[in-house]
Amino acid sequence: MDITMELRKFVAPEIITGIDARLMIGRYILHFASKKPMIVTDKNLPSLPWFINIMEEINKCVSEYCIFDQVTSNPRDYEVMQGAEKFVSEKCDLIIAIGGGSPIDCAKGISIVSTNGGDILEYEGVDEINLPGPPLICIPTTAGASADVSQFAIICDTSNKVKKAIISKKVVPDLALLDAVPLMTMDSYLTACTGMDALTHAIEAYVSNAHSYLANVHALEAIRMISNNIEEAVKPNRSVYTMYKMMLGSLQAGLAFSNASLGLVHAMAHSMGGLLDLPHGECNSILLEQVIEFNFDAVVERYTTIAEKMNVETKNLDQNQIKDRLLEKIRTLRTHLEISSFEEVEGLDGEILDKLAQEAMEDPCIVTNPKNVSKEEIKEIFGRVLQRKQT
Ligand SMILES: [Fe+2]
């Protein structure tokens, strides 16, 4: 592994891992001396037994709390604003986010606006937040987004139909309670898409221009852990131990990308997800192969190490053969996971392709892509994935 001696920083929240870690919530409500927490979640979760267990623990510690469950997938700017208004008007003092990446990102947005005021979209970009928000505790229920450990929040700008990335140490949660029990209620497709999102995080972090010694260690272990377990994780009879390993893989990927940032896959996925309202994990799964094909010659050694971590035989092979084997490995994984591809997008014309490419060019994730990319090259990739029906 080559080691950079350039200056690098590494931030992470307090993390508790283990079965039933979610039930530690009461101890931390007392630790933060909270009188009235706000729980940010989505409407589908509160009836599940593991969620009810969390609420029982919360009820032991506080006499009042409020719930904000108006969060949809690809969390929207107006949902953040509604949540922040509720947080302030109800005089809450702690945020507990329970869910996948969407409720956690929304909770981060609520934390920013309730403390700093203004509109959430004003905080787009790197280090644009002045004041730290109230304490934020995250209980993730998917193994993929890793918003529970990252300094990223992705919010949809609904007027312009684009996802905006907010990157700041101020959105790193105070505590992540990582428990595999909630992951057992994910269906297999959500498990597949979120798992591929986590794998993409690790790969993009490892080839990022901002990679570091610490981020590399986490990225490579994430690639190994996720690629060894993701196919087992989508089976109906998967064990909680398999899901625990997926959770740890996602955690490692989160620590890596939070600190080394991402690349072209995510820049393009944010643009697609915002304009066409497509699921984030699906966008990444399809774009990953295209972007590796494009980036490969810029960081051959790093992609070779990634291939080896995914059990691809690279000995005595030339650069092109290694690239083909790695792409084949990822394509096979995606096919086994039954993440097919997008139907042909209706009404996709030159103007929409141009807008998609422009938004990707402006996304902060593009800055750390290992190879410079032009708007025309991005348009070409979008054209390939959106206009052709793949298997
Ligand atoms: Fe992602």
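Biologist: How many salt bridges does the count between domain 1 and domain 2 give?

Modeller: Side chains of opposite charge can pair when their charged atoms come close. A salt bridge here is a side-chain nitrogen of Lys or Arg within 4 Å of a carboxyl oxygen of Asp or Glu. Between domain 1 and domain 2 the count is one. Asp277 forms a salt bridge with Arg76, with the closest N and O atoms 3.5 Å apart. A word on the source: this is a predicted model, where local features need pLDDT of at least 70, side-chain atom pairs count only at pLDDT 80 or more, and totals for chains, interfaces and linings use all residues. Residues are numbered from 1 along each chain as its sequence is written, and side-chain values use heavy atoms, with hydrogens and water left out.

Biologist: Where do the two domains lie in the chain?

Modeller: Domain 1 covers 20-179 and domain 2 covers 187-387. The bounds come from an automatic or database domain assignment. Their centres, taken over C-alpha atoms, are 26 Å apart.

Biologist: How many residues of domain 1 are in contact with domain 2?

Modeller: Contact means heavy atoms within 4.5 Å. 21 residues of domain 1 are in contact with 29 residues of domain 2. Buried area is the accessible area (1.4 Å probe) that two parts lose on being put together, summed over both. Here the domains bury about 2,100 Å², 60% of it on carbon and sulfur atoms. In domain 1, Ala143, Phe152 and Lys163 lose the most area to domain 2, together 26% of what that side buries.

Biologist: Which two rings pair edge-to-face, with their centres 5.2 Å apart?

Modeller: A pair of aromatic rings is described by the distance of the centres and the angle of the planes. Rings of Phe, Tyr and Trp (its six-membered ring) pair if their centres lie within 6.5 Å; planes under 30 degrees apart are stacked, over 60 edge-to-face, the rest tilted. The count is three aromatic pairs. The planes of Phe152 and Phe257 stand at 70°, so that pair is edge-to-face. Phe152 lies in strand 7 and Phe257 in helix 7 (residues 240-260), so the pair ties together parts 105 residues apart in sequence. Helices (H or I, at least four residues) and strands (E, at least two) are DSSP runs, numbered from the N terminus.
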